[in-house]
Amino acid sequence: MPHSQTSAPRVSLLGGRLARGASPWLLPTVATAAIGLVRARHSKRAAVLAVPATALAAGMLWFFRDPEREITQGRVISPADGVVQSIMPWKDGRTRVAIFMSPLNVHVNRAPLAGTVTSVEHIPGGFVPAFNKESENNERVVWHFDTELGDIEMVQIAGAVARRIVPYLPQGTKVEQGERIGLIRFGSRVDIYLPEGVDVAVEVGQTTTAGVTRIDRD
């Protein structure tokens with residue numbers, strides 16, 4: 001069973017499950033929409049203003065959704081929902097699989113393997129679109145996991161709109177495969193580095209689902 005997590009509580013609304021770390025964006029938006037709808041009963045001007053506020057609140061609820069997943073059995077599974085942007089051999093023998101996440105994807109990331117979090121490093125940087133090559137220098141969080149395959153590196157990269165990465169787990173935490181490990185707000189990229197000798201099972205342009213799509217091949 002996954003360990004208990006002591007960070008900020010997950011937001012729950014209308015019986016749905018929403019990502020932890022959503023509150024600073026979600027609660028003010030929903031509150032504004034609610035106030036606008038109440039005032040709309042007595043004012044046409046308020047009614048007009050309530051429409052975009054309600055639409056924005058609905059969009060926030062969709063963006064911060066955090067559905068349950070039946071975790072796939074396999075050595076390495078996708079840490080992110082999105083589309084495989086590139087598969088690149090690295091100089092040290094590893095292979096980097098980059099997954100681009102659009103604002104329409106679920107933005108809660110999951111552990112690609114079971115193991116122990118050996119480091120979580122926040123690196124300041126820019127905020128260019130995550131599909132650009134220059135995004136290599138974007139704001140990011142670099143994870144390292146001690147796993148049965150050795151050290152696995154995973155990088156959460158902020159995009160042009162995603163300006164906040166919210167790690168859920170500290171260094172030293174034991175993590176189950178497919179467990180939620182963090183959130184990137186609003187469009188971004190996740191890179192995972194497969195060790196030398198591990199073959200890639202996905203292709204560029206393929207859609208991935210966090211916790212479900214297998215990344216490596218037997």
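Is Trp143 buried or exposed? I looked this up first. Trp143 is buried, with a relative accessible area of 0%. I keep in mind that this is a predicted model.

**Entry: aromatic pairs**

I searched for ring pairs and found 2 aromatic pairs in the structure. I took Trp90 and Tyr193 to begin with. Their ring centres are 5.4 Å apart. Their planes meet at 75°, so I noted this pair as edge-to-face, since over 60 degrees counts as that.

Where do Trp90 and Tyr193 sit in the chain? I found Trp90 in the loop between strand E3 (82-89) and strand E4 (95-101). Tyr193 is in strand E12 (residues 188-194).

I then checked accessibility. Trp90 is partly exposed, at 31% relative accessible area. Tyr193 has 7% and counts as buried, because the cut-off is under 20%.

Next came Trp143 and Phe145. Their ring centres lie 5.8 Å apart. The planes are at 5°, so this pair is stacked. I looked up Phe145 too: it is buried, with a relative accessible area of 1%.

**Entry: an open sheet**

I turned to the strands. I found 3 strands forming an open sheet, in the order E5-E11-E9, with antiparallel pairing. Which are the edge strands? They are strand E5 (108-110) and strand E9 (165-167), and each pairs on one side only. Neighbouring strands here are turned by 25° against each other on average, direction ignored.

I followed E5 to strand E11 (residues 180-184) and found 3 bridges joining them. Arg110 has Arg180 in E11 as its bridge partner.

Methods
Residues numbered from 1 in each chain as written. Predicted model: local features only at pLDDT ≥ 70, side-chain atom pairs only at ≥ 80, totals over all residues. Heavy atoms only, no water. Phe/Tyr/Trp six-rings, centres within 6.5 Å; stacked < 30°, edge-to-face > 60°. Helix = DSSP H or I, 4+ residues; strand = E, 2+ residues; numbered from the N terminus. Buried < 20%, exposed > 50% of the residue type's maximum accessible area, 1.4 Å probe, protein only. Pairing = 2+ DSSP bridges. Axes fitted to C-alpha atoms, helices over the stretch in contact; angles between N-to-C directions.
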